[in-house]
Amino acid sequence: MALVLATSASLVSRDEPTVIAAVLLVVYPLWDAIATIIERSLTGVGTGSTNSVSTTNMVLGLAATAGMIVAVFSTIGTALLVFGVWALLSGAIQLVVAIRRWRTVGAQWPMAVSGGQSVIAGATIAATSASATSNLSTVAGYSAFGAFWFLVSVIALSLRSRRENR
């Protein structure tokens, strides 16, 4: 997402995203769906209500990818609106999954923090998407924090798994 920031920070909401920014905006929710699959395999979740919630998150990521494909051919404001709504809903789902898994899986605090951050950031991005001064730099900041918390979550789950296998 640093490329989004570098290539589109000067563009305002009525401009069209650059090709690089458009590709990255489409790939981000798709990557989130893939990351959910990876996260499910690390936690060993197979059935039950938590599984259906994470499945919902994967479907949401795929739907957001499709919506973003349409939005990037419009304006940055439209792309920000789609991205913001997806981030808000995806963050809410992350919070639900983290809370449900807390007792059975453990090491869910990074997912809870990431979900909360995503809800707040998504609401902010969506609410400001029509502003004449909105630009894609907010997405770059959001993605940096998201990547950080995903990495922390993977490390926490890996450490927990190693402790249990001793």
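Leaving aside neighbours within four places in sequence, Asp-32 is in contact with Asn-57, Trp-86 and Ser-90 (contact means heavy atoms within 4.5 Å). This is a predicted model: local features need pLDDT of at least 70, side-chain atom pairs count only at pLDDT 80 or more, and totals for chains, interfaces and linings use all residues. Residues are numbered from 1 along each chain as its sequence is written, and side-chain values use heavy atoms, with hydrogens and water left out.

**Asp-32**
- Asp-32 lies in helix H2 (helices are DSSP runs of H or I, at least four residues, numbered from the N terminus).
- Asp-32 counts as buried because its relative accessible area is 16% (buried is under 20%, exposed over 50%, partly exposed in between, with a 1.4 Å probe and protein chains only).
- Its side chain makes a polar contact with the side chain of Ser-90, at 3.4 Å (a pair of N or O atoms within 3.5 Å; within protein, one must be able to donate a hydrogen and the other to accept it, and residues adjacent in sequence count only if both atoms are side-chain atoms).

**Helix H6**
- Helix H6 covers residues 137-164, 28 residues in all.
- From first C-alpha to last, H6 reaches 41 Å, close to the expected 40 Å (1.5 Å times one less than the number of residues).
- Buried residues of H6 include Val-139, Tyr-142, Trp-149 and Leu-157.

**Leu-62**
- Leu-62 sits in helix H3, residues 49-71.
- Leu-62 counts as partly exposed because its relative accessibility is 49%.

Note on methods
Helices (H or I, at least four residues) and strands (E, at least two) are DSSP runs, numbered from the N terminus.
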